[in-house]
Amino acid sequence: MMSFTYLLETKREKRLVLFFLTVTILLFFASLLIGDTPLNIAPALQAIFQGHHTIDQLILQHIRLPRSLLAIIIGASLGIAGAALQGLLRNPLAEPGLIGVSASAALGAVIVFYSGLSLIFPLALPLGGITGALLSVTMLFLLAGRNSSVLTLILAGVAISSLAGALTALALNLSPNPYASLEIFYWLMGSLSNASLNHVWLILVPTLLGWWLLIRSRAALDVLSLGEETASTLGVNLSLLNKQLILGVALSVGAAVSVSGGIAFIGLIIPHLLRPFVAHRPSSLLIVSGLGGAALLLIADMTVRLVPTQQELKIGVLTALIGAPFFLRLILSSRREWLS
Amino acid sequence: MTLRTSKLIVKVNNSTLLNNISVNFSAGKLTGIIGPNGAGKSTLLRTLAGLQTQQHGNIFLDDKPTHEISKKTLAQTISYLPQSPECHWALTVERVVSLGRFPYQTGRHLNQKDINAIKEACYATDIQHLVERPIHQLSGGEKARVMLARALATQADILLADEPIVSLDPRHQLEIMALLQTIARTGKTIVLVLHELHFVMRYCDELILLDKGLKIDEGDPPSVLTPQNLRSVYGIDSISGQHQNKNWLLPWNPL
């Protein structure tokens, strides 16, 4: 008798989502409590609800809450986008930076820094980032043409990424004020330390729109495991799928980078680590990776707050420090697979 | 359901891969597309599957041009099994077979009808004992049967398969050919690209012989696989005979 495990698999997936959801919520509360300054949560909450201004209320409402919320949103964006791109490209080494969105969002923000707009109007920075991301995706589709194949999209993404990187370097190079270039440099390293609730509101709409585009296309990612041609004969509109996924990544990751700077490797590591838990099914990986990304970024953000460095360790530096060896291990194990 | 092409011309980079091909694939029959390497067999199958665009001519499904039919309806009607099918992730066998139900699904979940179709396909291809295994751990022959099961799970009226028995051992080759013949007998249209002339002679109901993009001959196997055709198109001598009231043929010598 054949034993089918569909129901079991669905149950397992639900349990996994519930587990990561619980972990993320617990980490979120931990993130509100943990930091340089000890916080009395009860009086702080009381002050918020009564509209009073106290030190605890200020720390909770204006520093820790936005920081923790952004860690969740950005971590989730990186996780979902990474899982979606790995599914689309059918490659475990793919990550959101590949299509040039991160570099372009960074360039958009750097231009705002450079022009001094960020001093006059603080939200100009994330707005510049989102504009950069959207311009890059427009350029990507123009470069890749109408019926763009995945390979053309990646090549166009690499070209855009290099151009954005070069222009960012140019801005640093020509910066008239050394402090401005230092500020740009620090920003590029990736951090959540300047988070405000305004940032959260600002990126919420593009982020949710991006997630929606990615999650609604996920069933087709399973079929894409069989290759583009078979997927096409099974009714997948490849051109539309490519566009939806790339736009979804651009919106969510572009919005993320525009407030946090570059946070590397989460979009690569999380889907890869979680894939075996969802029986390698690409469509199941998106939400689980989103929650995993949120949890990892919350942990990373708490770590940089707690590590006693003279200057706060940048979160992007930490994720890169953890991520790079992991990436190497991944390359080595895939090389073994190729050789075997 | 009848699949028909009319004056099909397919060109890629100025070279003509199919030249003025008009053929009929009837319901209830196992039709083989045969010909030497480079004859245009796979191109014809890919064009029928909608993967290759023709420069001229039309493809009709029961007299309705396929370009007037929605992609979803086409996916439910025509199932395509490529030459050396791939699976990029270590999915379980049942998950791979379930992908054949995608044209019917609105979400990611399977209903009872889907599950029944998947089970039937698994039993038909003799892979029921493998359903929980990850596909990348299977042998070449097992993988080929899983991929055929995936194509059968769609329960489409038309099945197009490009060399479906190429990596199988003789027992499974015989079983799969017999299975495809049985499926054809239920009223489905089965179109195969095949190189194995002995299986073509034994199992196919109709043949289309192509060479250099042209249709050379069509008809039942004994009328197409004549010594003259085999000499002029394949450049081979063959031997043939009858066993248990069935024709057999064996390629013997290159000319």
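I count two strands as paired if DSSP finds at least two bridges between them. With that in hand, I opened this predicted model and went to strand 11 of chain B, where the bridge partner of Ile208(B) is Glu218(B).

Strand 4 of chain B (residues 30-34) runs parallel to strand 10 of chain B, and four bridges join them. Strand 11 of chain B (residues 214-219) runs antiparallel to strand 10, with five bridges. I then checked the turn: strands 10 and 11 of chain B form a hairpin with two residues between them, and Lys212(B) in that turn has a positive phi of about 50°.

Is strand 10 of chain B mostly covered or mostly open? I found five of its six residues (206-211) buried, so "mostly covered" it is.

**Entry: chain B as a whole**
I listed nine helices and 13 strands in chain B. Its radius of gyration is 18 Å, close to the 18 Å of the globule rule for 255 residues, so I noted chain B as being as compact as a globular protein of that length. I also noted that 44% of its residues are buried. Of the contacts in chain B with a separation of 6 or more, 65% link residues 24 or more positions apart.

**Entry: where the chains touch**
I found 24 residues of chain A and 31 residues of chain B in the contact. On the chain A side, helix 11 of chain A gives the largest share, four residues. By class, I noted nine nonpolar, 11 polar and four charged residues on that side of chain A.

Conventions
Residues numbered from 1 in each chain as written. Chains lettered and ligands numbered in written order. Predicted model: local features only at pLDDT ≥ 70, side-chain atom pairs only at ≥ 80, totals over all residues. Contact = placed C-beta atoms within 7 Å. Nonpolar A, V, L, I, M, F, W, Y, C, P; charged D, E, K, R; others polar. Rg over C-alpha atoms; globule rule 2.2 N^0.38 Å. Buried ≥ 20, exposed ≤ 12 C-beta atoms within 10 Å, placed from the backbone.
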